[in-house]
Amino acid sequence: MRMSANSDAAVTELIEAGWAALTRGAWGDARATFEAALSAQETPEALEGLSWAAWWLNDAEALFDARKRAYIKYRSVGDLPGAARMATWLGTDHVDFRGEPAVCQGWLGRARRLLKDLEPGLEHGWLWVHEAEKLLLYSNDIERALQLAKRASVLGRRLGVVDLQMMGLATEGLAQVTRGKVDAGIARLDEAAAAALGGEFGDVWASGWCLCYMIYACERVRDYERAGQWCKRAEEWAEHRHMALMAPVCRAHYAGVLVWRGTWTEAEKELTESAQRLAEIRPPVAAEAIVRLAELRRRQGRLDKAAELFGRVVEHPLALLGLGELCLDRGEPAGARDRAEQYLREVPADAGTLRAAALELLVRAQVALGHGDETTSTLEELESMASSVATDPLRAAASSAAGIVATAAGDGERARTAFEDATRLYNRSGAPFEAARARMELARALAGLGRTTDAVREASGSEASLRRLGAKREAGRADALASELRGRSVTGASALTKREREVLLMVAEGRTNREIAARLVLSEHTVNRHVTNILAKLGSASRSAAVAEALRRELI
């Protein structure tokens with residue numbers, strides 16, 4: 001931190017003590033110390049320190065006042081890097097505290113101009129980090145964000161500043177993951193997050209950002225196991241340092257992991273508490289908790305409440321997808337298609353991992369609308385992304401989408417294998433809600449193949465899983481399907497003709513079709529047709545399964 005040449009020794013000592021208090025997380029002590037320094041002499045360094053104490057204490061009014069006064073003071077003494085540093089943070093603060101991206105761009109532009117004619121230094125690097133964050137999280141300009149992140153990392157390494165080097169590396173990693181270059185991106189994020197937890201950073205805020213980027217990346221590729229591990233470590237780290245902001249943000253993202261894993265009671269508690277806390281300290285950030293709580297409500301079948309919550313944070317990208325899912329839940333596929341297409345228009349093709357959920361939604365909407373010819377390119381993009389990223393949840397999503405398309409095309413066997421794969425992959429990744437829904441679709445595919453008994457088993461299993469989760473609406477759908485299939489099974493059994501019963505009895509005796517034909521004085525072709533009909537009516541895949549089902553129902 002720069003010190004003015006005219007700062008006297010006492011003020012300098014107070015300012016140094018204030019920064020030491022910030023380093024150890026004593027935000028209140030830091031504020032009091034900087035205020036004491038300012039009472040003796042108003043310096044830009046003391047104002048900057050006070051702004052950071054207010055930032056950590058989430059005192060927005062004091063924060064903006066101190067930052068702006070520090071900016072003016074640095075300008076008045078000709079310290080352009082100091083003024084640019086304040087302008088950079090004022091830009092970010094206007095987004096985080098007030099949700100004002102236009103004002104943010106004004107301040108970032110001011111920082112760029114102040115630094116334009118100076119040799120690249122630390123302030124240039126931090127400006128690049130802040131600009132890259134806005135491009136990555138709000139504008140989806142992945143390529144430009146990647147360029148700025150690389151420049152920041154290289155500059156940090158050249159200057160010997162670990163914070164800047166690792167923040168550049170973490171930003172680069174998130175950009176790579178967003179593009180679908182998962183291995184390269186995660187490797188960078190792992191290194192940066194490890195450095196953050198290892199205490200290598202000088203600025204605590206930078207450590208927090210690195211950890212958040214890791215969690216964001218895990219969510220984008222649905223690597224929920226990795227996300228869960230990092231969320232826990234980040235929350236412990238934040239609580240140890242008395243970071244009032246990061247703990248509820250991490251809790252919100254971790255709750256998203258809990259929703260995925262099916263531990264909904266714990267997820268609801270985390271989301272409710274973090275939404276309330278974030279609304280108090282940084283209202284724009286509360287959307288991260290609210291949008292995930294809305295998705296939990298949707299899965300629980302509380303559609304009206306989910307719609308109300310999504311409506312409160314409609315500007316959040318996940319809210320647009322959530323509203324699309326609600327349209328499908330309510331039997332309005334055109335609305336789902338519109339929202340999926342709107343989302344995809346706003347997310348460039350090179351941001352592949354951000355597009356996956358919208359592609360899933362669009363496939364289902366297109367099939368429901370009977371627009372099968374339009375699903376080919378949609379499914380191909382989703383399958384290409386799943387193949388590139390190769391996490392089990394994304395592969396499962398692609399398999400499930402392929403099953404839906406195959407069902408619509410009348411390809412029962414392809415649908416069956418696709419839904420079997422989806423169910424297995426969802427189960428392996430610990431996603432009981434998605435697995436249960438895939439089993440429901442598998443039941444429909446099996447029923448279409450005449451395998452009614454197998455279909456009833458899958459539908460019943462789906463219903464039991466959904467009931468345990470608390471997904472009442474989906475459990476009701478699975479139960480209705482199982483009941484319908486049982487009805488078909490009973491009807492099929494009662495529809496066995498006298499001749500079919502005779503053939504079935506001989507099948508139970510172990511006779512071949514040729515032996516049955518000779519015994520009943522029929523052609524072998526006719527016996528083959530009778531056996532095929534019996535298998536279909538009993539919902540069985542083989543002769544032995546048909547005999548077992550017939551014995552269970554006391555038909556023979």
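Before the details, a word on conventions: the model is predicted, local features are taken at pLDDT of at least 70 and side-chain atom pairs count only at pLDDT 80 or more, while totals for chains, interfaces and linings use all residues. Residues are numbered from 1 along each chain as its sequence is written, and side-chain values use heavy atoms, with hydrogens and water left out.

Let me begin with helix α6, residues 101-115, and helix α7, residues 122-139, whose axes come within 11 Å and cross at roughly 150 degrees. Helices here are DSSP runs of H or I with at least four residues, strands are runs of E with at least two, and both are numbered from the N terminus. The axes are lines fitted to C-alpha atoms, for helices over the stretch in contact, and the angles run from 0 to 180 degrees between N-to-C directions. The pair α6 and α7 is therefore roughly antiparallel, a label given to angles over 145 degrees, whereas those under 35 count as roughly parallel, 65 to 115 as roughly perpendicular and the rest as oblique. The crossing of α6 and α7 is left-handed, which is to say that the near helix is turned anticlockwise from the far one by less than a right angle, clockwise being the right-handed case.

Which residues make up this contact? On the α6 side they are C104, Q105, L108, A111, R112 and L115, and they meet E123, H124, L127, H130, E131 and K134 of α7, where contact means heavy atoms within 4.5 Å. Sorted by class, the contact of α6 with α7 has 5 nonpolar, 3 polar and 4 charged residues; nonpolar covers Ala, Val, Leu, Ile, Met, Phe, Trp, Tyr, Cys and Pro, charged covers Asp, Glu, Lys and Arg, and the others, Gly among them, are polar.

C104 brings me to the cysteines. If a disulfide is a pair of cysteine sulfur atoms within 2.5 Å, the count comes to 0 disulfides. C104 is accordingly in no disulfide, and the nearest cysteine sulfur, which belongs to C212, is 17 Å away. C104 is buried at a relative accessible area of 1%, and C212 is buried as well, at 12%; buried means under 20% relative accessible area, exposed means over 50%, and partly exposed lies in between, with a 1.4 Å probe and protein chains only.

The second pair is helix α11, residues 204-220, with helix α12, residues 224-240, which pack at an angle of about 160 degrees with their axes 8 Å apart. That angle makes α11 roughly antiparallel to α12, and their crossing is left-handed. From α11 the contact takes in V204, S207, G208, L211, M214, I215, C218 and E219, and from α12 it takes in Y224, R226, A227, W230, C231, A234 and W237. By class, the contact of α11 with α12 has 11 nonpolar, 2 polar and 2 charged residues.

I turn now to single charged residues within helices. R298 sits in helix α15, residues 287-300, and counts as buried at 7% relative accessibility. Setting aside residues up to four places away in sequence, R298 touches L303, A306, G322, E325, L326 and D329. E474, in helix α25, residues 472-494, also counts as buried, at 5% relative accessibility, and beyond its neighbours within four places in sequence it is in contact with F433, R437, M440 and L466.

Is E266, by contrast, buried or partly exposed? E266 lies in helix α14, residues 264-281, and at 36% relative accessibility it counts as partly exposed; its contacts, again leaving out residues up to four places away, are Y254 and L258. E13, in helix α1, residues 9-23, is exposed at 58% relative accessibility, and its C-alpha is 9.9 Å from that of T33, 20 residues apart in sequence.

A390, in the loop between α20 (375-389) and α21 (392-408), has a phi near 65 degrees, a positive value in a residue other than glycine, and at 45% relative accessibility A390 is partly exposed. V521, in the loop between α27 (513-520) and α28 (524-538), likewise has a positive phi, near 55 degrees, and V521 counts as exposed at 73% relative accessibility.
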